[in-house]
Amino acid sequence: MRNYAIALLDDRIEAGLHGNLLMKSAEIILGTVVLLTLAAVAAFVLSHQKKLSNRLMSFLLCALAASSLAALLGTGFQQFTYVTPAPFLLGVFPMSFRLDGLSRLFVGLLSLILFSAGLFSTGYLKHLEGRISSGLYWTTFLLFSLSMFGVVLSGDAITFIVMWEIMSLSSAALVGSDHSHHLVQKSALIYLSATRIASGLLCGGFLWMHSLCGSWSFVDWNFGTAQAIFPALLILIGFCIKAGIWPFHIWLPYAYPAAPATVSAVMSGFMSKISIYGLIRILVQGGLYAPEIINLAFFLGAISAFWGVLFALVQNDLKRLLAYSSIENIGLILLALAIALKARAANLPIVADIAMTAAVFHCLNHGLVKSLLFLCAGAVDSQAHTRDLHKLGGLAKKMPWTMACFFLGSFSMCSIPPLNGFASKWLIYQSLFQSAMLNVSYIERGIALATICLLSAVGALAIATFVKAMGVGFLGTSRSTMAEHAQEASAGMRASQSLLVVMCAGLGVFASSAVKFISQLSLLSRDSAASTAVDFPLSIPLLTGLLVVTCLIVYLLFLESSKVRIFKTWDCGFGALSTKTQASSDSFAQPLARIFRPFLRYETNSTIKGRDRRHFPEEITVEVKIVSILESRIYLPSLAVISLGAKGLAKLQAGSIHLYLIYVCSTLVILLLVGTAL
Amino acid sequence: MNGAELHLLRSCSHWVLFALSVVFVPPLCLGIIRKTKARLQNRIGPPLFQPLFDILKLCRKGETLSSTMSGTFRISTVVVFATMLVLAWMTPWLCFKPWSPNADLFLIVYLFALARVFTLLGALDSGSAFGAFGASREVTLGLLVEPALLLGLVALGIFCGSSDLRLVFAYSPLQSTGVSGAPGIWLLVGVSILLSSLVELSRMPVDDPTTHLELTMVHEAMVLEASGRNLALIEFAHALRMSILFGLSAQCFVHAAAAVWRMSPLTQGILNIAGIGLIAISVGVLESLSVKLQWRKVPEFVAYVVSMSLLAALVAAGSGVTKL
């Protein structure tokens with residue numbers, strides 16, 4: 001007899017070869033988790049053999065990710081539950097894992113991202129040699145990977161929170177892995193405190209739900225009742241903090257740039273989506289109907305989308321720009337989720353299905369694209385040794401492959417057809433459009449229209465942001481000698497970028513199949529029969545083919561045979577242009593930043609000096625200042641209040657044993673009094 | 001002739017008419033604007049097809065590229081031109097169009113964005129300050145005008161119960177169900193598309209396309225490095241974008257008219273083309289009479305356009321028309 005049991009929820013699977021194969025596949029996925037643990041131990045043991053451990057661990061990570069991906073394709077559509085046997089109990093409670101449509105999708109995304117991160121690692125880690133400890137990095141990275149598998153597969157709250165904690169702590173350690181820099185230390189600390197608050201709120205919500213429903217299993221939790229509003233709120237806020245939703249996003253622009261590129265790719269690509277996964281698994285499938293919570297999620301999502309992209313526009317650090325853009329996209333996903341919940345409450349199943357599919361599809365798309373962009377930024381960082389847009393430029397001729405991958409990823413972030421970013425953005429638009437048409441309430445229709453307006457503004461800002469990143473970062477001439485001496489990234493790095501590009505393009509072109517697949521996963525509720533396929537009526541393959549063919553024809557017809565003379569850039573006859581006459585990252589964003597200066601608290605100070613300063617200035621300096629209102633007006637003051645309170649409390653701890661005895665005695669007396677009074 | 005032959009003949013004639021319009025309407029649009037401006041300044045002005053002759057002449061010249069450019073510049077020109085051709089095929093800017101796939105309004109708007117992104121990349125490729133400042137202003141205008149254009153189309157979509165512009169601009173089903181009986185929405189959207197197209201095409205009162213350097217800040221600055229066939233492609237793509245947007249606007253006006261007077265498809269086709277011409281004339285008149293707005297005042301101008309679209313969308317959503 002086997003010493004573990006795979007209970008099949010679905011009776012429809014016949015026993016025999018087919019059933020065995022399915023069980024095997026599920027075993028492989030769970031086995032991946034176990035093997036990742038072993039690999040983490042091995043990484044710890046091997047920590048002194050840097051080169052060997054780098055190669056071996058990258059290989060192991062890729063192999064495990066590939067095996068889980070392959071196993072995933074073998075599992076079909078059935079649901080599995082797996083409960084750990086006696087020796088592997090968590091205290092008194094067995095760990096339970098569950099594999100269904102939703103977790104399958106996220107396991108797939110995670111495997112893909114881990115695979116490309118593994119491919120990328122060998123080349124990339126050379127750049128960090130001497131700055132990070134290889135053994136520590138790999139141990140925490142593998143723990144991080146296994147915990148993310150664990151969170152997505154967990155079937156009950158206890159397993160979830162254990163895995164969640166391993167994930168939070170290991171990722172905090174990874175953020176701080178390059179800890180010789182002061183900013184990295186600060187970032188790791190900010191991130192760590194954000195995760196503590198998030199975990200605290202989640203624990204509170206889970207305990208509350210346990211006392212309401214009497215079970216730790218997510219399947220038994222019902223958020224449809226009136227008492228469940230407060231735990232739902234706690235859980236929502238907890239997940240929002242971890243996802244980086246406005247106004248809890250401030251840790252994110254610190255943590256992502258500080259971490260090594262592979263880590264920020266996984267964190268932005270997958271870890272931020274885990275919060276969305278949690279929201280779907282717990283709140284959406286738990287039947288949340290409370291309009292207060294749904295409206296809050298809607299509002300937070302809309303603000304995050306706008307706020308994120310607005311701040312992304314004015315960033316000068318490539319990774320910080322990408323981090324803010326993650327806030328925008330997580331906001332869009334939360335918005336889509338809230339639209340789905342609203343539509344479900346308003347009894348509009350068509351809109352609910354479209355919006356839910358949009359949310360999950362955008363998770364998938366953004367996960368792939370953002371990891372691609374972070375990996376490209378990592379490649380730039382490792383070759384040009386800077387991420388500052390003021391020092392980049394002219395990489396088009398030095399790193400053409402990386403540039404092509406970065407451009408395609410950016411197009412997808414700008415939701416340009418035929419790439420995948422467009423497909424999910426289209427679904428969000430479509431859900432709003434249908435909601436503006438079908439909703440009974442005129443106010444809801446107006447809100448849907450206003451949201452369409454907001455989304456199109458967000459889209460246009462995203463275009464501005466990414467055109468800035470592409471144009472200033474890669475085109476023109478190099479703004480520093482570091483960028484001038486950059487070379488193309490190594491083959492492994494290019495391969496991992498290309499893999500993600502192919503995935504993005506594939507998901508975009510064949511979006512209608514992907515949408516059909518996702519919409520049939522029964523995301524809105526736990527019973528599998530409830531969902532209908534969402535229609536994706538655009539003929540993207542035709543459009544893509546047409547665009548490509550037209551481009552080729554136009555090129556061959558017009559430009560192929562034209563006589564070309566290479567000359568210098570037009571300089572108005574003033575003589576050679578210097579690299580400083582190019583638009584900088586700040587000057588490119590200036591007109592837009594000026595329009596939004598109340599939000600950004602945008603200020604420019606320029607000084608022009610010289611004897612004849614009007615015609616022959618000798619010194620020109622321009623200073624751009626942007627202050628985040630949230631950080632300067634709310635977080636820092638409240639932090640000051642907390643530390644003041646902590647100092648006050650510290651007076652209690654005077655180090656005198658007499659005083660402590662008085663505390664003990666008085667507490668006892670007070671408790672006894674309270675006890676008798678009750 | 002039997003039915004099948006008749007159908008074939010009709011679709012063939014649609015293709016021919018459409019191809020002719022794609023080639024001749026865009027330069028004609030530009031020609032009409034220039035001629036109107038010349039007549040208002042008491043000049044005779046160039047012939048109506050001068051823009052086409054210019055483009056043909058450019059095609060015979062060689063290109064000069066900057067040594068700092070990567071391949072992005074030439075690729076971007078090709079992509080912009082190809083996207084505009086595809087858009088011309090998909091967008092219902094003419095009422096005699098051959099078969100085309102689903103012209104979803106969000107897809108159309110984002111295909112315009114595709115062309116815009118590539119124009120911007122082409123402008124940034126040489127590292128010239130002109131191109132970069134043109135690009136920086138273009139993204140600003142894009143942000144301002146995109147909500148207006150999208151909301152205008154969404155208003156029509158909600159009004160007609162579909163996001164497919166083919167259905168929105170189809171004539172017969174609308175007339176039979178009487179949905180087109182609200183000329184107000186069509187008029188509002190027509191005006192808002194027209195005004196947003198002025199911003200989108202960087203024409204007066206936002207930008208002056210006829211001068212060089214000081215006054216011309218957006219599109220002409222972006223394409224400063226282009227020459228020869230490259231420039232010909234860019235100019236034609238820009239003219240095509242103009243006629244698509246003017247055509248959409250003219251279609252809206254024709255629909256508004258069709259809501260009041262019943263008319264045959266032939267009259268609609270003629271009115272459609274005449275509408276584009278009339279719009280071009282009025283743009284010429286506007287450009288002769290008005291001055292360029294100060295750059296900082298542009299958001300205020302665009303605010304009117306956005307609020308017009310929003311009004312149209314709210315009216316459409318409030319009218320409670322359900323699906324066809």
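1. At what angle do the axes of helix α14 (residues 420–438) of chain A and helix α17 (residues 491–509) of chain A cross? They cross at roughly 40 degrees and come within 7 Å, with axes being lines fitted to C-alpha atoms, for helices over the stretch in contact, and angles running from 0 to 180 degrees between N-to-C directions. That makes α14(A) oblique to α17(A); angles under 35 degrees count as roughly parallel, over 145 as roughly antiparallel, 65 to 115 as roughly perpendicular and the rest as oblique. Helices (H or I, at least four residues) and strands (E, at least two) are DSSP runs, numbered from the N terminus.

2. A word on provenance: this is a predicted model, where local features need pLDDT of at least 70, side-chain atom pairs count only at pLDDT 80 or more, and totals for chains, interfaces and linings use all residues. Residues are numbered from 1 along each chain as its sequence is written, while chains are lettered from A and ligands numbered from 1 in the order in which they are written.

3. Back to that helix pair: A:Asn420, A:Phe422 and A:Ala423 in α14(A) meet A:Cys504, A:Leu507 and A:Gly508 in α17(A). Contact here asks for C-beta atoms, placed from the backbone, within 7 Å. The contact of α14(A) with α17(A) has four nonpolar, two polar and no charged residues (Ala, Val, Leu, Ile, Met, Phe, Trp, Tyr, Cys and Pro count as nonpolar, Asp, Glu, Lys and Arg as charged, and the others, Gly among them, as polar).

4. Please also look at helix α13 (residues 400–413) of chain A, which packs with α15(A) at an angle of about 170 degrees, the axes being 9 Å apart. The two helices, α13(A) and α15(A), are therefore roughly antiparallel to each other. From α13(A), A:Met403, A:Phe406, A:Phe407, A:Ser410 and A:Met413 meet A:Ala462, A:Phe466, A:Ala469, A:Met470 and A:Phe474 in α15(A). By class, that makes nine nonpolar, one polar and no charged residues.

5. Now the two chains: 63 residues from chain A and 65 residues from chain B take part in their contact. On the side of chain A that touches chain B, α14, α15 (442–474), α19 (540–559), β6 (564–567) and α20 (585–595) each supply at least two residues. The largest share, 16 residues, is from α15(A). This side of chain A has 43 nonpolar, 15 polar and five charged residues.

6. Strands link the chains too. β6(A) pairs with strand β1 (residues 63–66) of chain B in the parallel sense over four bridges, pairing being called when DSSP finds at least two bridges between strands. A:Phe567 has B:Ser66 in β1(B) as its bridge partner.

7. Within chain A, strand β2 (residues 80–83) and β5(A) pair in the antiparallel sense over four bridges, and A:Tyr82 stands opposite A:Phe97 in β5(A). From β5(A) (residues 96–99), A:Ser96 and A:Arg98 point one way and A:Phe97 and A:Leu99 the other way, all of them buried. Buried means 20 or more other C-beta atoms within 10 Å of a residue's own, exposed 12 or fewer, and partly exposed in between, with C-beta atoms placed from the backbone.

8. One arginine to check is A:Arg281, in helix α9 (residues 261–284) of chain A. A:Arg281 is buried, with 25 other C-beta atoms within 10 Å. Not counting residues up to four places away in sequence, A:Arg281 touches A:Leu102 and A:Phe218.
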